[in-house]
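Please look at the sequence and model first.

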Amino acid sequence: MIYADNAATTKLDPTVFEAMKPFLLEEYGNASQPYSLSRRPKEALAEARAIVAECIHAKPEEIFFTSGGTESDNWAIKGSAFSDPDHRATITSAFEHHAILRSCAAIERLGYPVAYLCPSAEGIITANNLAGCITHQTRLVSIMLANNELGSIQPIKSLSEIAHSHGALFHTDAVQAVGHIEIDVRNLGVDMLSASAHKFNGPKGVGFLYVRNGTKTAAYANGGTQEHGLRAGTENVASIVGMAVALKNNCEELDQNRKHLLALENALLTKLDQSGIYYQRNGGDRVLPGLLSLSFPGSSGERLLHRMDLLGICISTGSACDSKRTEISHVLKAIGLDDKAALGTIRISLGKYNDMKEVNEIADMLIRILSS
Ligand code: PLP
């Protein structure tokens with residue numbers, strides 16, 4: 001099996017599994033209890049918070065553990081809308097993940113207005129784009145750091161500056177970016193940032209929301225006093241420890257992984273170029289290393305995915321068929337890709353565990369299928 005769908009999820013780092021084990025088997029005490037069995041879990045939570053904070057240049061008290069990217073996004077959108085009745089408007093983009101789009105739809109149903117910015121054909125939300133839409137009624141701007149289908153990296157620093165100059169908060173869904181490119185929350189100027197461990201070789205079902213000190217947000221879950229009383233519930237210590245180890249490992253290897261992934265994607269694209277098969281790469285010039293959105297106009301991405309699957313290769317597509325119709329993804333629609341190209345779009349997302357042999361195999365099989 002060759003796994004090339006790392007934007008969907010990643011393989012657990014074995015050192016992460018080892019770090020988690022003691023908290024599942026022996027150190028299982030509830031971190032909120034005062035007795036000695038809970039001492040180690042409590043310390044481990046504090047250590048994990050400090051590690052995660054350091055990896056994104058935040059302070060430990062600005063890290064709130066959640067169940068993953070979806071929860072972090074829901075919290076950022078709903079928590080900020082509900083915390084300020086005077087500034088009700090939210091601005092986001094049309095090509096966000098559904099965790100953002102459906103959270104926005106939920107607050108719209110409650111009467112909070114939301115505007116959706118359209119990305120350029122390269123998959124970028126520009127500063128001009130935001131400047132033309134923002135008003136002093138805007139409470140929150142939420143634009144993703146890197147798009148999950150295209151890999152396109154957004155100009156977050158200039159977007160957050162515009163938001164702040166209008167008195168609005170800025171959130172970024174950085175689920176695809178954390179652990180893959182350098183993240184400095186101070187330099188980006190964000191007030192909130194979402195991340196998810198299973199996208200950077202950590203366990204599934206755990207993530208975090210960075211909330212800059214002093215940022216007003218409503219509680220996400222009411223109950224106990226965990227996470228400063230804003231996200232109540234007994235902490236998933238093993239997974240939180242695993243997330244911290246995974247993030248630290250990936251952050252220490254950022255440069256090495258980037259070089260490795262760029263070499264792999266270059267090899268794949270060179271083979272495709274040499275084959276003479278026509279394709280276009282989506283997402284512009286600044287994309288996540290290893291993430292390739294490729295359109296083969298006239299081909300079926302869905303057919304390519306299934307043929308590759310039969311050969312033991314996991315990739316993804318930009319459109320999904322059910323028995324009655326083919327649905328083109330909202331991301332490809334938002335960048336204005338024509339139907340022929342959109343239907344022939346696949347996403348190959350390489351990760352740190354892929355090697356050159358696998359990439360050559362992926363390219364050879366793709367070329368074989370496309371030429372048949
Ligand atoms: N945001 C983006 C950009 C994503 O790619 C994903 C997952 O695919 C999510 C949010 C949701 O994250 P999770 O799977 O941790 O809920």
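Which helix gives the largest share of the lining of the largest pocket? H3 does, with three residues. The model is predicted: local features need pLDDT of at least 70 and side-chain atom pairs pLDDT 80 or more, while totals for chains, interfaces and linings use all residues. Residues are numbered from 1 along each chain as its sequence is written, and side-chain values use heavy atoms, without hydrogens and water.

**Largest pocket**
- A pocket is an open set of points on a 1 Å grid over the protein atoms alone, where a 1.4 Å probe fits, with protein on both sides within 12 Å along at least five of seven lines; lining residues have an atom within 4 Å of a point.
- Lining this pocket are 20 residues, and His97, His98, Asn148, Gln176 and Lys199 lie nearest its centre.
- At least two lining residues come from each of helix H3 (69–83) and helix H4 (98–109); helices are DSSP runs (H or I, at least four residues) numbered from the N terminus.

**Second largest pocket**
- Here 13 residues form the lining, with Ile181, Glu182, Asn187, Leu188 and Arg286 nearest the centre.
- Helix H6 (156–165) and helix H7 (185–188) each contribute at least two lining residues.

**Around Tyr35**
- Tyr35 sits in the loop between helix H1 (14–25) and helix H2 (39–55).
- Tyr35 has a relative accessible area of 44%, so Tyr35 counts as partly exposed (between buried, under 20%, and exposed, over 50%, with a 1.4 Å probe and protein chains only).
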